[in-house]
Amino acid sequence: MRDSHGVVIVFNADLPSHLKEIEMWYSCFVQQQLLQDTQCLLIAHHKPGSGSDKGSPSLSPPLNKLKLVHSNLEDDPEEIRSEFLKYLKSIINSVSESRDREEMSIIT
């Protein structure tokens with residue numbers, strides 16, 4: 001966890017108990033590591049044939065501010081791939097900007 005730049009939390013959206021568990025994971029991996037919400041991605045996975053719709057699960061406050069992506073690898077694997085690549089690009093940009101600021105502070 002130390003020196004991490006981002007967190008991806010994948011949970012089974014079809015199990016209500018997972019909604020409570022992701023609060024614990026968020027607290028441990030995001031809040032305690034002092035990461036920004038933009039550095040976290042929630043992936044609500046739906047098992048093939050579960051018949052679940054892509055309605056938003058009822059997430060508690062701080063979780064409801066996070067980027068939430070629904071995944072079902074049989075129905076639309078490209079959507080999750082695209083969203084994950086966007087997330088990685090945002091993390092890379094954040095790290096690069098942070099490094100640039102650090103270098104500028106050393107120079108000045």
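**Notebook: a β-α-β-β-α chain**

I read the elements from the N terminus on, and they run β-α-β-β-α. I counted 2 helices and 3 strands in the chain; helices (H or I, at least four residues) and strands (E, at least two) are DSSP runs, numbered from the N terminus. The model is predicted: local features need pLDDT of at least 70, side-chain atom pairs count only at pLDDT 80 or more, and totals for chains, interfaces and linings use all residues. Residues are numbered from 1 along each chain as its sequence is written, and side-chain values use heavy atoms, with hydrogens and water left out.

**Overall extent**

I looked up the C-alpha trace, which spans about 60 × 30 × 20 Å along its principal axes. Of the 108 residues, 27% count as buried. Buried means under 20% relative accessible area, exposed over 50%, and partly exposed in between (1.4 Å probe, protein chains only).

**Helix H2**

I checked the length of H2 next. Its 31 residues should span 45 Å at 1.5 Å a residue, and its end C-alpha atoms are 45 Å apart, which agrees. The expected span is 1.5 Å times one less than the number of residues.

Which residues of H2 are buried? I found Ile80, Glu83, Tyr87, Ile91 and Val95. They pack against S1, S2 and strand S3 (67-71); contact means heavy atoms within 4.5 Å. An α-helix has 3.6 residues a turn, so residues three or four places apart point the same way.

**Nonpolar patch**

I then turned to the surface. Val8, Val10, Phe84, Leu85, Leu88 and Ile92 form a nonpolar patch there, with about 480 Å² of accessible area together. Patch residues have over 30% relative accessible area and no salt bridge; nonpolar side chains (Val, Leu, Ile, Met, Phe, Trp, Tyr) are joined within 5 Å, like charges within 9 Å. A salt bridge is a side-chain nitrogen of Lys or Arg within 4 Å of a carboxyl oxygen of Asp or Glu. Areas come from the Shrake-Rupley method with a 1.4 Å probe; for residues, only the protein chains shown count as cover.

H2 gives the largest share of the patch, 4 residues. I looked up leucine 88, which sits in H2. Leucine 88 is partly exposed, at 34% relative accessible area.

**Glutamine 39**

I found glutamine 39 in the loop between helix H1 (17-31) and strand S2 (40-45). Is glutamine 39 buried or exposed? At 12% relative accessibility, glutamine 39 counts as buried. It touches His5, Gly6, Val7, Tyr87 and Ile91, not counting residues up to four places away in sequence. Its side chain reaches the backbone oxygen of histidine 5 at 2.9 Å.

Methods: Polar contact = N/O pair within 3.5 Å; in protein donor to acceptor, adjacent residues only side chain to side chain.
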